[in-house]
Amino acid sequence: MSAPLLAVRGLTLAYDRTDAVKGIDFDVHKGGVVTLIGANGAGKTTTLRAVSGLLKPRAGSIRFAGREIAGMAAHRIARLGVVQSPEGRQVFANMTIAENLAMGAYLESDRVAVAKRRDTVLARFPRLGERLSQSAGLLSGGEQQMLAMGRALMADPKLLLLDEPSMGLAPLFVEEIFNIVADLKREGRTILLVEQNARAALEIADYAYVIESGRITLRGPAREIAENSEVATAYLGM
Amino acid sequence: MLAQQLLNGILAGSVYALFALGFTLMFGVLGVINLTYGFYFSTGAFVALHATRYLHMQIWEALPFAAAIAGLIAIVIDELLLGPLRRAKAPELSSLMVTLGATLLLYSLMTAWFTTDIRRFPPTVFDGGAFEIQGLRITLSQILIVAAVVSIVGGLAWLLRRTKLGLAIRALAENDDVAQLMGVNVGGVVHLVSFISGALGGAAGVMIGLNYNAIQPYMGESMMLKGFAVIILGGLGDIRGAVLAGLALGILETLTAGYVASSMKDAVGFLLLVLTLWFRPVGLFGRIAAKRA
């Protein structure tokens, strides 16, 4: 097997002086979807913040495309092609939808490439295209999630980090969001998906890690994890 | 008479607007009330004074020069005082206290150097004289001031609304974490915003120094009080509000001086400030302020 695109080793992260993540290892291979599932507060979001450079690791290594990125400034990590759609969507509420999308392509100076990406994103999320000049703050939760994902896709990421894309959404939107993730997978995007909705995440992912209180307690192909009886009782409500 | 008062009011008001713009930009983007801001106003006036007197610059050269120096000083002060606090994610009160202390120190140093004597621009600066149009008197320096304010405000609006850099500045104002996730070099943008704010304050200092032809170190201190009145009236962090509230304050002050009593002029700002806080604490258009609260 080829070297992973993202390789995390012994990653330890402190949050308010206590260790929130305690020496975890995981890999994401090019073209694959890997999911990190676990309960609220298990350390999933903290892990993604470290991969994106918003949080300096206390120890451990994060290698992206063979390069050490642990502790690197967030904007430089984005430049390498690691782009996150953050938890709780966090769209720029005072900006228009068009401006939010433009922010996603902040690092691309080629206008033609930006216009092309925008067409692709708007084809994927037609609701956004109808309301380009509207304030993002006026969108519904599901639409904001689409905008947050569209914004990240505007960067044409080599590795897309999705933090809880289904959180707080109506069931119809949850289905739509996961359909889009599935589409992105089919198109060959490399995705690290963090989710509380373990069932949906395991259906899409190739490989899964279960994280509990800052430790990885289980790992394996997503199908096997879904059939694991402990996971079934703890996360799938069976 | 009324027309002349209005003209003078618009003139004073446009400088208030310029001053408040820098103050509100600093707050809106960097999220701190930086009390050293008035110091850049004094700095601008003194730099322009010395540039015209000793470097023999024309006033339209001295204005951008003084603004740039004030902007550079603003970067240094922000980085030295507020940089460490930002990185430590310190509470807002700490930055308020640090800038308060720094303000006292900076004004004392300036006074030790220049004394509190009132200084004036060399008379050659005003060579252009004045025009009379249908009984309205307007000086060349006043025309320069209005032209400069209009182009600076227009330029800033263009930067913030129409350029990629402006987009990054607004993104940083809303959510610095996500701005970084999109690739914005937050440190660089913070420096740029400090520079623009300091330069706006410095430019306003040159203009007020020019209009009243009286320059002394503490001029920035009294301007800060007006600046507070303007940004509270206009809404903290609100660009459009700062411009409109600045103009309103200038006109109201001049009318008060003309029709009530000139001693009441400085009270107008505080009256507006108190009334705003009582009846509309988010300011006339306070949107960002309302969201932050």
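I took a polar contact to be a pair of N or O atoms within 3.5 Å; within protein, one atom must be able to donate a hydrogen and the other to accept it, and residues adjacent in sequence count only if both atoms are side-chain atoms. The model is a predicted one. With that rule I found eight residue pairs in polar contact across the interface of chain A and chain B, both residues of a pair being at pLDDT 80 or more.

**Interface, chain A with chain B**

I then asked which elements of chain A give two or more residues to the side that touches chain B. They are helix 1 (44–52), helix 2 (74–80), strand 6 (82–85) and helix 3 (97–104) of chain A. Helix 3 of chain A gives the largest share of that side, four residues. By residue class, I noted 14 nonpolar, seven polar and four charged residues on the side of chain A that touches chain B.

Next I looked up the extent of the contact. Chain A puts in 25 residues and chain B 20 residues. The buried area between the two chains is about 2100 Å², and carbon and sulfur atoms account for 61% of that area.

For charged pairs, I noted two salt bridges between chain A and chain B. One of them links B:Arg170 to A:Glu99, with 2.7 Å between the closest N and O atoms.

**Six-stranded sheet, chain A**

I read the strand order of this open sheet as 6-7-8-3-9-10, and the pairing is mixed. Strand 6 and strand 10 (215–221) of chain A are the edge strands, each pairing on one side only. From one strand to the next the twist averages 15°.

Inside the sheet I followed strand 3 (residues 33–37) and strand 8 (residues 191–195) of chain A, which run parallel and are joined by five bridges. A:Thr35 has A:Leu193 in strand 8 of chain A as its bridge partner.

What packs on this sheet? Helix 1 of chain A does, touching strand 3, strand 6, strand 7 (159–163), strand 8 and strand 9 (207–212) of chain A, with its direction at about 150° to that of strand 7. Helix 7 (residues 171–186) of chain A lies across strand 3, strand 7 and strand 8, and runs at about 160° to strand 8 of chain A.

**Four-stranded sheet, chain A**

The order in this open sheet is 2-1-4-5, with antiparallel pairing.

Strand 1 and strand 2 of chain A pair in the antiparallel sense over eight bridges. A:Val8 has A:Phe26 in strand 2 of chain A as its bridge partner. Strand 1 (residues 6–15) also pairs with strand 4 (residues 59–64) of chain A, antiparallel, over five bridges. There I noted A:Ala7 with A:Arg63 as its bridge partner, and A:Thr12 opposite A:Ala59.

Helix 1 of chain A turns up here too: it packs on this sheet, touching strand 1, strand 2 and strand 4 of chain A, and its direction makes about 115° with that of strand 1.

Definitions and conventions. Residues are numbered from 1 along each chain as its sequence is written. Chains are lettered from A and ligands numbered from 1 in the order in which they are written. This is a predicted model: local features need pLDDT of at least 70, side-chain atom pairs count only at pLDDT 80 or more; totals for chains, interfaces and linings use all residues. Side-chain values use heavy atoms; hydrogens and water are left out. Contact means heavy atoms within 4.5 Å. Buried area is the accessible area (1.4 Å probe) that two parts lose on being put together, summed over both. A salt bridge is a side-chain nitrogen of Lys or Arg within 4 Å of a carboxyl oxygen of Asp or Glu. Ala, Val, Leu, Ile, Met, Phe, Trp, Tyr, Cys and Pro count as nonpolar, Asp, Glu, Lys and Arg as charged, and the others, Gly among them, as polar. Two strands pair if DSSP finds at least two bridges between them. Axes are lines fitted to C-alpha atoms, for helices over the stretch in contact, and angles run from 0 to 180 degrees between N-to-C directions.
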